[in-house]
Amino acid sequence: MKDYKLVFNEDFSESELNTNNWLPYYLPQWSSREMSKPNYKIKDGQLSLQIVENQMPWCPEFNGEVKCSSVQTGVFAGKLASEIGQHKFFNPNCVVREEQKMEQKFVPQYGYFEMRAKFAATKSDVVALWMIGFEDSPDKSSELCVMEIKGWNIKKNKA
């Protein structure tokens, strides 16, 4: 892209997730790192996030039976039992269940983003690229949905 400088690029060239770039968890403060870690494989430069047959819900107290495999580039949360943390609006009753060390891998304010993705179109899957804000202050709270496909909306030849 003209007038843009590349500052972050992930080609998944290693066999394990590069934890200098990624946090292998989904909103761990509302659940735990153990419950929110993704099931994934990296092969041929592709990250495959998967929901496996015997996978437990990531956060049953606040998100029911939802299962998740996700990675993030930053995490911010308050003290144990506080209501402070990223992406709380999916359930206003969330409280921090596991304290998290603040981590900022790649949390830009502006930029140009590209991603290539594909997914198995099952009726229960949601595949997305969300930018959720770091939320270390109220003005940094947001959700920007770059791409989201809900399997139950898939029709022949369109999504």
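Trainee: How far is the sulfur of cysteine 94 from the closest cysteine sulfur, and in which residue is that sulfur?

Mentor: Start with the general idea. A disulfide is a covalent bond between the sulfur atoms of two cysteines. In this predicted model, the closest cysteine sulfur to that of cysteine 94 belongs to cysteine 59, 6.0 Å away, which is too far for a bond. The cut-off for a disulfide is 2.5 Å between the sulfur atoms.

Trainee: How many disulfides does the count give?

Mentor: The count is zero disulfides. Cysteine 68 is in no disulfide either, and its nearest cysteine sulfur, again in cysteine 59, is 10 Å away.

Trainee: Are cysteine 94 and cysteine 68 buried or exposed?

Mentor: A residue is called buried when its relative accessible area is under 20%. Cysteine 94 has a value of 0%, so it is buried. Cysteine 68 is buried too, at 12%.

Trainee: Which residues line the second largest pocket?

Mentor: Cysteine 68 is one of them. Sorted by class, the lining has five nonpolar, three polar and two charged residues. The space in this pocket is about 150 Å³.

Trainee: What should I check before I read such details in a predicted model?

Mentor: Check the confidence. Where pLDDT is low, the predicted coordinates should not be read in detail. Here the protein chain averages a pLDDT of 90, and 99% of the residues score at least 70.

Trainee: Where in the protein chain is confidence lowest, and where is it highest?

Mentor: The lowest is strand E6, residues 144–150, with a mean of 85. The highest is helix H1, residues 33–36, at 97.

Trainee: With which side chain does the side chain of asparagine 21 make a polar contact?

Mentor: The partner is the side chain of glutamate 10, at 2.9 Å. Asparagine 21 lies in the segment before H1. With a relative accessible area of 17%, asparagine 21 is buried.

Trainee: How do I read a phi angle?

Mentor: Most residues other than glycine have a negative phi. Leucine 27 has a positive value, near 45 degrees, and is not glycine. The place of leucine 27 is in the segment before H1, and this residue is buried, with a relative accessible area of 0%.

Trainee: What is the phi of histidine 87, and where does histidine 87 lie?

Mentor: Its phi is near 55 degrees, again a positive value in a residue other than glycine. Histidine 87 lies in the loop between strand E3 (74–75) and strand E4 (103–104). At 4% relative accessibility, histidine 87 counts as buried.

Trainee: How do I compare separation along the chain with separation in space?

Mentor: Take two residues, give their separation in sequence, then give the distance between their C-alpha atoms. Isoleucine 132 and glutamine 72 are 60 residues apart along the chain, and their C-alpha atoms are separated by 9.5 Å. Isoleucine 132 is in the loop between strand E5 (126–131) and E6. It is buried, at a relative accessible area of 14%.

Trainee: How many residues apart in sequence are serine 142 and tyrosine 112, and how far apart in space?

Mentor: They are 30 residues apart in sequence and 17 Å apart in space, C-alpha to C-alpha. Serine 142 is also found in the loop between E5 and E6.

Trainee: What is the relative accessible area of serine 142?

Mentor: The value is 36%, so serine 142 is partly exposed. Partly exposed covers the range between buried, under 20%, and exposed, over 50%.

Trainee: Where does proline 60 lie, and how far is it from glutamate 135?

Mentor: Proline 60 lies in helix H2, residues 60–63. It is partly exposed, with a relative accessible area of 38%. Proline 60 and glutamate 135 are 75 residues apart in sequence, and the C-alpha to C-alpha distance is 23 Å.

Methods. Residues numbered from 1 in each chain as written. Predicted model: local features only at pLDDT ≥ 70, side-chain atom pairs only at ≥ 80, totals over all residues. Heavy atoms only, no water. Helix = DSSP H or I, 4+ residues; strand = E, 2+ residues; numbered from the N terminus. Buried < 20%, exposed > 50% of the residue type's maximum accessible area, 1.4 Å probe, protein only. 1 Å grid on protein atoms, 1.4 Å probe; cavity = no way out; pocket = protein on both sides within 12 Å on 5 of 7 lines; lining within 4 Å. Points joined across faces, edges and corners; volume = space filled by probe spheres on them. Nonpolar A, V, L, I, M, F, W, Y, C, P; charged D, E, K, R; others polar. pLDDT = per-residue confidence, 0-100. Polar contact = N/O pair within 3.5 Å; in protein donor to acceptor, adjacent residues only side chain to side chain.
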